Amino acid sequence: MLNIEDIRKEFPILDTLVYNRPLVYLDNAATTQKPKCVIDTISEVYSTMNSNVHRGVHHLSQVATCAMEKSRETVRDFIGAKECCEIIFTRGTTESINLVASSFAETFMKEGDEVIISTMEHHSNIVPWQLLQERRGIKIRVIPLTGNCRLDIEAYRNLFNEKTKIVSVAHVSNVLGSTNPIKEIIEIAHNHNVPVLVDGAQSIPHKKINVQELDADFFVFSGHKIYAPTGIGVLYGKKKWLEAMQPYHGGGEMIKSVSFSKTTFNELPYKFEAGTPDYVGIIALGRALEWVNSIGIENIASHEQELTRYAVEQLNTIPGMRIFGEPDSAAVSFLVGDIHPADIGTIIDRLGIAIRTGHHCAQPLIDHLGIPGTARASFAVYNTKEEIDTLIQGIARAVKMLS
Ligand code: PMP
């Protein structure tokens with residue numbers, strides 16, 4: 001059993017009053033709050049070891065480089081990757097997907113080749129492929145949904161042909177809060193010798209991930225959704241793919257030698273990390289993952305699943321409630337009658353309750369559902385059932401005002 005009250009004490013922002021009421025922060029799928037140890041790490045790096053990494057022979061540069069590379073090892077261990085060179089630091093999920101789309105396509109795809117994505121993808125797993133569609137004539141095939149908003153796996157099987165070069169799908173939907181059968185999705189793709197990119201933005205904070213067990217070819221996530229700072233993220237890629245792929249950005253750090261006649265690229269992971277990395281963010285990401293480890297991701301997952309079950313049960317007591325999909329992770333999307341979700345969000349904000357409303361950067365899914373958007377409550381380890389009770393009271397009050 002986790003002591004949630006003790007955990008809450010580690011998050012300074014949770015003491016905030018919003019319109020004179022205690023903050024009830026239920027927008028964790030957008031970003032999580034940060035524990036004091038992560039906030040302190042940022043200040044500590046600037047106060048005690050700030051120096052550009054990798055380039056210096058001097059003491060501080062070596063200390064900063066060691067701390068950054070220690071974080072790479074922490075990430076490797078956290079996601080069960082085989083080697084540290086398979087961990088590339090990026091700005092987040094979005095940049096990681098853009099990197100793969102761009103570099104993979106440059107190396108392995110030609111006009112007419114196909115990528116498979118799904119109806120429930122976040123825009124950051126749609127638009128990078130659309131850019132390739134425009135620039136390089138690549139085709140996008142889309143996995144449809146079943147009636148209960150699950151991926152239609154039989155339809156997915158039928159999307160493969162000799163032109164299919166990559167599959168790119170979310171592990172957990174940021175709108176529906178449901179987990180896709182990612183192992184099966186990967187197995188099916190591998191039977192066609194097609195690699196799979198897993199968008200782990202919404203799974204990494206809520207599930208034990210082992211990329212080798214999943215046999216994922218690429219796994220991407222953002223630090224800020226797992227208690228780390230904004231602006232730092234990860235691309236895991238199997239070495240065989242990363243080694244073969246063209247670099248994404250060019251610049252310092254990613255080269256072995258440069259001359260005007262020929263440039264040779266650095267080894268992995270540096271080939272994909274052009275320019276000064278966000279070493280402060282990287283070190284703080286390592287600290288955040290150590291913090292998660294100290295609580296235990298399985299403990300976090302079971303607490304959040306319990307909150308999700310409770311939220312679904314309590315939301316369903318509100319007349320006219322519609323919950324979308326089958327949430328099993330840490331987010332629930334809903335509408336009440338024909339009330340616009342933004343109206344609910346605005347009213348309950350006045351009660352100190354933060355939820356997200358709108359299309360959640362997944363417009364094709366929202367269009368598929370034929371709705372204007374949803375209201376989404378999403379949970380982290382520091383949330384409590386009492387906060388869900390406050391949410392339910394808030395929604396009931398908003399509904400009363402709006403009907
Ligand atoms: N994919 C999913 C499933 C997400 O939930 C998000 C963030 N909402 C992203 C991608 C994009 O993440 P970021 O903005 O941190 O790059």
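Two strands count as a pair here if DSSP finds at least two bridges between them. Keep that in mind for these close-ups, which all come from a predicted model.

**View 1. Strand β5 alongside strand β7.** Here we're looking at β5 (residues 114–118) and β7, which pair in the parallel sense. Three bridges hold the pairing on record for these two. To find your place, look for V115, which sits opposite I166 of β7.

**View 2. β7 and its link to β8.** β7 also pairs with strand β8 (residues 196–199), again in the parallel sense, this time over four bridges. One spot to look for is V167, whose bridge partner in β8 is V196.

**View 3. How covered is β7?** Strand β7 spans residues 164–170, and six of its seven residues are buried, so the rest of the structure largely encloses it.

**View 4. Strand β14, covered on both faces.** Move along to β14 (residues 331–336), where six of six residues are buried. On one side you'll find A331, S333 and L335, and on the other V332, F334 and V336, all of them buried.

**View 5. The partners of β14.** Strand β13 (residues 321–323) runs antiparallel to β14, with three bridges joining them; R322 has L335 of β14 as its bridge partner. β14 is also joined to strand β17 (residues 374–378), by four bridges and again antiparallel. For that pairing, check S333, whose bridge partner in β17 is R376.

Note on methods. Residues are numbered from 1 along each chain as its sequence is written. This is a predicted model: local features need pLDDT of at least 70, side-chain atom pairs count only at pLDDT 80 or more; totals for chains, interfaces and linings use all residues. Side-chain values use heavy atoms; hydrogens and water are left out. Buried means under 20% relative accessible area, exposed over 50%, partly exposed in between (1.4 Å probe, protein chains only).
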